[in-house]
Amino acid sequence: MATLVTVFLMTNEKWKRYRNSLKSKPGASTWKNYDIAFNFFANIHPQKVISLRAQDLQDCITAQSSKSRTTVGNMRAVVRGMWNYAVMNEIVENDITQHLVFEFTESSVPIHTRFTDKEISTLWESLWVINNVDIILIYIYTGVRPVELLEIKSENVHLNERYMIGGVKTEAGKNRVIPIHESIVPLIEYRLSQNRKYLITNKYKKIPKVQYFGDPFFSISTRPARASR
């Protein structure tokens, strides 16, 4: 048994450094989710790991049983990862996470609703009449996430070959080829003609992520695309 007394918070930091040293380390977005999950264990952050019991962890997990499968799953990934690391490094002798119960709440309300053919037709009819409708149409016909669309640089758009490079969520999703549907070629051409660093801009500058998340106009873009390819 290691002589150094380690608290829950410190063990998490050590586990994170260890995981980031591996080739299979989680991506930045996964770590953000893990950090959120870790905060659900705030009540035991200052406690010594060797003094914790399974029930201490279970109480934190049960308190979040109204959360989604994803949220509770992230809590599971954090504590299981931490205890695997702790056992491996002789911080603790036993893995107390093996018999924990991870309950969650399935939502009966769909997280996303798709654009209908009628809605897409309405958008085309509103093109150049309502500002930024072209952004939504580009989003629909490429199928990228809204935040990914905001990150695409003009230099990564290859209009003649009808594709662009983008993606930010996972390692596998980064720098992927995104086909450009023929219907939106004129919209992409218009955006490129503005000669700006990023494909999607607003008033001569990149649209900040905080504006995207807080703007009701962009909030409709969180719905999955539904357009014929």
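This is a predicted model: local features need pLDDT of at least 70, side-chain atom pairs count only at pLDDT 80 or more; totals for chains, interfaces and linings use all residues.
Residues are numbered from 1 along each chain as its sequence is written. Local features need pLDDT of at least 70 and side-chain atom pairs count only at pLDDT 80 or more, while totals for chains, interfaces and linings use all residues; side-chain values use heavy atoms, leaving out hydrogens and water.

Helices (H or I, at least four residues) and strands (E, at least two) are DSSP runs, numbered from the N terminus. Helix α4 takes in residues 69–88, 20 residues in total. From its first C-alpha to its last, α4 reaches 28 Å, close to the expected 28 Å (1.5 Å times one less than its number of residues). Several α4 residues are buried, including Val 72, Met 75, Val 79 and Trp 83; buried means under 20% relative accessible area, exposed over 50%, and partly exposed in between, with a 1.4 Å probe and protein chains only. The cover over the buried residues of α4 includes α1 (8–20), α2 (28–39) and α3 (54–62). Just past the end of α4, Glu 90 has a positive phi of about 60°.

Helix α6 (residues 133–142) is mostly covered, with 10 of its 10 residues buried. Thr 142 belongs to this helix and counts as buried because its relative accessibility is 7%. Its side chain reaches the backbone oxygen of Tyr 139 at 3.3 Å.

Now for the strands, which pair if DSSP finds at least two bridges between them. Strands β1 (residues 157–158) and β2 (residues 163–166) run antiparallel and are joined by 2 bridges. In their hairpin, 4 residues sit between the strands, and Arg 162 takes a positive phi near 60°. Tyr 163 in β2 stands opposite His 158, and its bridge partner in β3 is Pro 179.

A nonpolar core is a set of buried Ala, Val, Leu, Ile, Met, Phe, Trp, Tyr and Cys residues joined through side-chain atoms within 4.5 Å. The largest one has 27 residues, of which Ile 140, Leu 149, Ile 180 and Ile 188 touch the most other members. Helices α5 (117–126), α6, α7 (146–151) and α8 (185–192) each supply at least two residues of this core, and α6 gives the most, with 8. Apart from this core lies another, of 25 residues, among them Ala 37, Val 72, Trp 83 and Leu 100.

Notes
Contact means heavy atoms within 4.5 Å. A polar contact is a pair of N or O atoms within 3.5 Å; within protein, one must be able to donate a hydrogen and the other to accept it, and residues adjacent in sequence count only if both atoms are side-chain atoms.
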